[in-house]
Amino acid sequence: MRYLILAISLLIIACQGKEHPMIKLTEEHQKALNSIEVMDGFEVELVAADPLIADPVAMEIDEDGNWYVLEMSGYPLDLSKKGHVKKLVDTNQDGYPDKSILFADSLTLPMGIMKWKKGILVADSPNILYLEDTDGDNKADKREVILTGFSLSNPQHNMNSPKFGIDNWIYLGHSGAINSFSYENIFGDKGKEITFAGNPNAPKLPQNGNGRNVRFKPGSFEIESLSGETQYGHTTDPWGRRFYTDNADHLFHEVIDARYVNANKNLVISEAMSKIPDHGDACEVYPISENPNHQLLTDIGVVTSSCSVTWYDGGAFGKDFKNVTFIGEPTHNLVHADIIESKGATFSGKRLLEKKEFLASKDPWFRPVNFYVGPDGALYVVDYYRQLIEHPEWMSDEVNKSGALYNGSTKGRIYRVTKKGSDPMDWMKSVRLSEKSSEDLVKLLSHENGWFRKTAQRLLFQRGDKKVASALSDVVRSDAEYGPVAALWLLHDWGILSPKDLEHALKSSSEGVRENALQLADRMMQKPGFKGNLALNESLIKLADDPSARVRFQWICSSSYLSLSKMAELKAKILTKDIDDHWTGIAAIASSQGAEYDLLKFSTQAMGPTASEGKSEFLGYLAATLVKKGDTEFLNLAIDTNPKNDWWQAAILKGVAAYVNETHADFHLSEVQKDLMARTFYSTENNELRGSIIRIFGISGLPKNNAIIAEGNKKASVSANKELQASSLKLAALSKTPAIEAQLVGLLKQKNPEHLQVAAINSLPKILKPTDLIAINQAYSSMAPKAKKEWIKYMLFNDTYITNLLKEVEKNNIPKADLAWPQFVELMNYYDKGVRALARKVLAIAEDRKAILQNYLPAAEMAGNADNGKKVFEANCTTCHIIKDVKGVEFGPNLSTLKSRNALSIVTEIINPNNSIADKYGQWEVEKTDGTRLTGIITSENNQSIALKLMGGAVQNIEKNRIKSKRDMRISAMPNGLEGNINLKAMADLLAYIKK
């Protein structure tokens, strides 16, 4: 399900048990306030509401306590520019707003606001706008486009949430356009190049920034894509580590920065983010809503509309909230909180509360879509307050036509959450940071409240007052917890960071400061005064042995741009210690451009005789990088007869084969290398290594010295080792001689051991003699069970024989029941219309989905057996889906999200999967330059490649220069026809299991 992911701000003034003037609430507002339950020790007051504001999605408080609220009235479908910025005013000086002024209007679907210079920045796709009041009448009379080119797609995926970063860049949330099947006429814009408006010579990003987050600097016309993406909202901890969110996946960490990913152009990587909740994707939530208004495709009882992840840094909630993030879950009318803990190079998020949420409302119209941590340390909750929050793309036609889409569009609220006994809100009348001297602003960089730190830093950056350089250096050297990071980046951006400042930061007691110091070191160490500085070099060398895994990880990342004595040894020391951390291995490769071979040599020597998943994964990635680079000398390492080396040799060769098969990269072996590899094949007892060698020979061809293979096969034929027998047969088949082809067919025409029949099928040539094809099909009924499955796969994966397979099924020579469900899927979604039509005819898939649905709707009312339903799920669903207690393939959505959905809705989606395609699960067909066609889900994309997840869960990284065409199939990866395997009772059982 996809839901609006936004931010909100609203009107009235209310206070629970606080001693300050109160504005009398209306009965409606009091009821809304009373409906909210919050964690023990906290209280909630309503501080802004309709009619002062309506449809709030974000808010900003500037340096002088001016309160701006961004309103998006056009959601979900109205592009007639009804969006506003309201300025809230306290006319009676009681600390609370009692008046709103229209600061700006004519905004389309605005999704973020940030104070900048004398005005504000607003994210309103396709533009970033700058709005300023130049004449003091509280209305913006200056309007400039800063950036343009972002897609105007479904509002949930538009660019959003500009935020000023710890490094003085402005960061934007962004996840790229999606395809709208019902509203393409409105949301079909996929974006253009992202450019600075009015400056054609400035840097630019490719179309829609490749769907990644973006950062920019308006003053210097700098712009970059990040390595991660988010849907609505993003946040950082006090040291600049970035966290994102996306509907059911409520918490991501961007582990490796784009600067380091891009340091090695040959790096092979599909993703730079990590999902961090220890309670999983689509985790359970605990709403208290009364009479909730959930829609057709709402995933009930689990996170499904996560938005506006916010790190609490207000300093007013106590030490237990020092590392806490909040996310809005507007569909379930609640606010979820996690505690963030370090976990190697990344983090883990655990629930703040068990079986309860930080804040929830009984009111089903309560829609918390954004948060703001204020000058008082309070958490401000922006409530969009709508009857419907889901987008019509994923709602029933009945609801869409009911006239209720905009119910609540004149309403909206902002709540203030504080610890019990906190002081009343007074920042509207007391905060005046613009009047403070630069020296005073420097002092605020160490404030316990992040609002003061960030606001002071922004003001200092905009002032450019270098007179405070000495004061900033004092902050760096103070070893305070927070201030040094901001001070470091200000000094850096002003070009006055000193080697002594950096040295102090590298020795800080705070790991966050040390991380940032390393980032600055990799930017500065080649500059005069830094290059060759012995004290700095010594400090950097010591950090390679830092007690913090995060600092060690950053050290490896930064080493891309550092030049230190014994660099390889230092990096190797970290790698050896942290090798089972996936991200450490990726960072080591990214930082080794030009030295990948040296890294491989050391790693194979230092990792010992014991294999691990982390070690093997790292070596596979490293080998792929070397092949991409065009350096095959390293293969000599993977060829010997020492059994202690078998595990890592298998990992290296597996990585090589996987990359070459995916990319069709040029790859060659010398005859000497081939001979050595063949001898290794027969001497090893490691079947993983044998399999890897077969893959390599499948690419490079067999050695010309046939004697080695002939002698080896002779020994294998009398061996009791079935794995060796099967592997030897596969290896011999690579010769593609008439004799070996006849041997393979002969093994299938007559009864033979299953392992040999399976090996024979896996070794058959792509094109068979017509007589051999007929003979194998005639022998199908007598084949061993696993061999039957492999024969079907052989024909299915070979374009030449797909029609033949369907005709054999039609004649019942191959029973339809022998086809697995994913094979049904592939045949009925086949790119060739003729094959697709034949498949639907032969497999008896009725295309009248409405008629079929009527036959299955009674299952929603039947009492199913969940235990039997689990078996139905395992047999039919695990090839594409996972669910909590069943291991499957994560190709389609996690079906745990369906637990509390309406049973009728689940039946509808099973019988008619194209009724609504889950966001980001649309099927794509990719044709490569060599004619190969692949279908799957595009999971990520950058300037160099796309990551295509294939059915079965495997991900192929395809370089863009090897893509001939890329077509959105506009259909679900799950085809019609599941009812062919599931009768009415089984459907009822399946529903009972899913909803258990």
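Pro51 lies in the loop between strand 2 (42–49) and strand 3 (56–61), and the peptide bond that joins Asp50 to Pro51 is cis, with omega about 10°. The model is predicted, with local features needing pLDDT of at least 70 and side-chain atom pairs counting only at pLDDT 80 or more, while totals for chains, interfaces and linings use all residues. Residues are numbered from 1 along each chain as its sequence is written, and side-chain values use heavy atoms, with hydrogens and water left out. Helices (H or I, at least four residues) and strands (E, at least two) are DSSP runs, numbered from the N terminus.

**Backbone in the loops**

- Asp55 is also placed in the loop between strand 2 and strand 3, and its phi is near 55°, a positive value in a residue other than glycine.
- A cis peptide bond with omega near 15° leads from Tyr75 to Pro76, and Pro76 has its place in the loop between strand 4 (67–71) and strand 5 (83–89).

- Four strands in the order 11-12-15-16 form an open sheet with antiparallel pairing, where two strands pair if DSSP finds at least two bridges between them.
- Strand 11 (160–164) and strand 16 (222–225) stand at the edges with a single partner strand each, so one side of each has no neighbour in the sheet.
- From one strand to the next, the twist averages 20°.
- Strand 15 (residues 214–217) and strand 16 run antiparallel and are joined by four bridges, with Val214 standing opposite Ser225 in strand 16.

**Helix 13 and helix 14**

- Helix 13 (residues 549–558) packs with helix 14 (residues 567–578) at an angle of about 140°, their axes being 10 Å apart; axes are lines fitted to C-alpha atoms, for helices over the stretch in contact, and angles run from 0 to 180 degrees between N-to-C directions.
- That angle makes helix 13 oblique to helix 14 (under 35 degrees counts as roughly parallel, over 145 as roughly antiparallel, 65 to 115 as roughly perpendicular and the rest as oblique).
- The contact (heavy atoms within 4.5 Å) is made by Arg552, Trp555 and Ile556 of helix 13, and by residues of helix 14 including Met567, Leu570 and Asp578.

**Aromatic pairs**

- The structure holds 28 aromatic pairs, meaning rings of Phe, Tyr and Trp (its six-membered ring) with centres within 6.5 Å, where planes under 30 degrees apart count as stacked, over 60 as edge-to-face and the rest as tilted.
- The rings of Phe326 and Phe358 form a tilted pair, because their centres are 4.9 Å apart and their planes are at 55°.
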